[in-house]
Amino acid sequence: MTEPTPTTSEISVDVPTPERALAVGAHPDDVEFGCAATLAKWSDQGTDVQVLVLTDGSKGSWDPAEDQRALISTRKREQEAAASALGASTVHFLDLVDGELTGNRGEVGAVCEALRAVRPDLVLGHDPWKRYRLHPDHAAAGRLVVEGIVAARDPHFFPRLGAPHRPERLLLFEPDVIDHVERVHESFDAKIDALFAHRSQWPSTMGIEVGSPDEEDQTKAFVERLRAEAAEAGELIGGGVAEPFKRMEPL
Ligand SMILES: [Zn+2]
């Protein structure tokens, strides 16, 4: 059986602007790829946007000689710069080891504690049910958000880790099944700026070799790829520039 292709009428458009949104990514740059234009749109509309990065990003290099300690601090600076390009107020780092998210109770407790401290009405995270995903941290991070929300809202989970908090809705980015899109025509350039703030990731995730004669062409190709993805999401609602999600509510 294949998944039925969603029709336009089954796809909702633009949730009410949240008061506070928390976007959770496995690594520095995941939130920017997944939902940066949506976050930039909301921060323009007055939302308090915050970002939670679960791992330290220490394996985000293809260079075997990379100084991982230096890479961790570089990627934190890049994440802070990306967040300010989106108008986010705060970036929280859990500093778990990159590539080694397990989804254990300690990690669920840490996500629960962050949710109870930030108290967002809307949460965004990786889709834990996305098929054929290669990087294990992305699936684990998605599961941690789902389990963290259940723990945060129910008082008998982690009773010493803050007062219970129930967000209103969850949007999963890079979704396996799309049933919601956010229109982001006005804020799409902020997504590009935020992604380019992750300079250490240009070679690996953006296909841009810094300092090479092809850098300019590769940069253009990357932006074209992003625009094509946003147009594809827009096509689901008859055109425009959009980011796709799986929407879960009530929680
Ligand atoms: Zn990632």
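Predicted model: local features only at pLDDT ≥ 70, side-chain atom pairs only at ≥ 80, totals over all residues.
Trainee: What makes the peptide bond that joins E249 and P250 a cis peptide bond?

Mentor: The omega angle of the bond between E249 and P250 is about -5°, and the bond is cis.

Trainee: Which phi value makes D29 worth noting, and where does D29 lie?

Mentor: D29 is a residue other than glycine, yet its phi is positive, near 100°; it lies in the loop between β2 and α1. Most residues other than glycine have a negative phi.

Trainee: How do you know whether R119 is buried, exposed or partly exposed?

Mentor: R119 has a relative accessible area of 31%, and since buried means under 20% and exposed means over 50%, R119 is therefore called partly exposed. R119 lies in the loop between α3 (105-118) and β5, and its phi, near 55°, is likewise a positive value in a residue other than glycine.

Trainee: What makes a set of residues a nonpolar core, and which residues have the most contacts inside the largest one?

Mentor: The members must be buried residues of the nonpolar kinds, joined through side-chain atoms within 4.5 Å. The largest such core has 25 residues, and those with the most contacts inside it are C35, L39, W42, L122 and L124. The largest share of this core, six residues, comes from α1.

Trainee: What does W42 touch, residues up to four places away in sequence not being counted?

Mentor: With those sequence neighbours left out, W42 touches V15, T17, P18, A21, T47, L122, L124, L171 and E182.

Trainee: How many residues line the largest pocket, and which element gives the most to this lining?

Mentor: The largest pocket, with a volume of about 1100 Å³, is lined by 41 residues, of which F33, R133, H138, E174 and R225 lie nearest its centre. The elements that give two or more residues to this lining include α1 (30-44) and β8 (242-248), while α7 gives the most, with six residues.

Trainee: How many residues of each class does that lining have?

Mentor: The lining of the largest pocket has 16 nonpolar, ten polar and 15 charged residues.

Note on methods: Residues numbered from 1 in each chain as written. Heavy atoms only, no water. 1 Å grid on protein atoms, 1.4 Å probe; cavity = no way out; pocket = protein on both sides within 12 Å on 5 of 7 lines; lining within 4 Å. Points joined across faces, edges and corners; volume = space filled by probe spheres on them. Helix = DSSP H or I, 4+ residues; strand = E, 2+ residues; numbered from the N terminus. Nonpolar A, V, L, I, M, F, W, Y, C, P; charged D, E, K, R; others polar. Buried < 20%, exposed > 50% of the residue type's maximum accessible area, 1.4 Å probe, protein only. Contact = heavy atoms within 4.5 Å.
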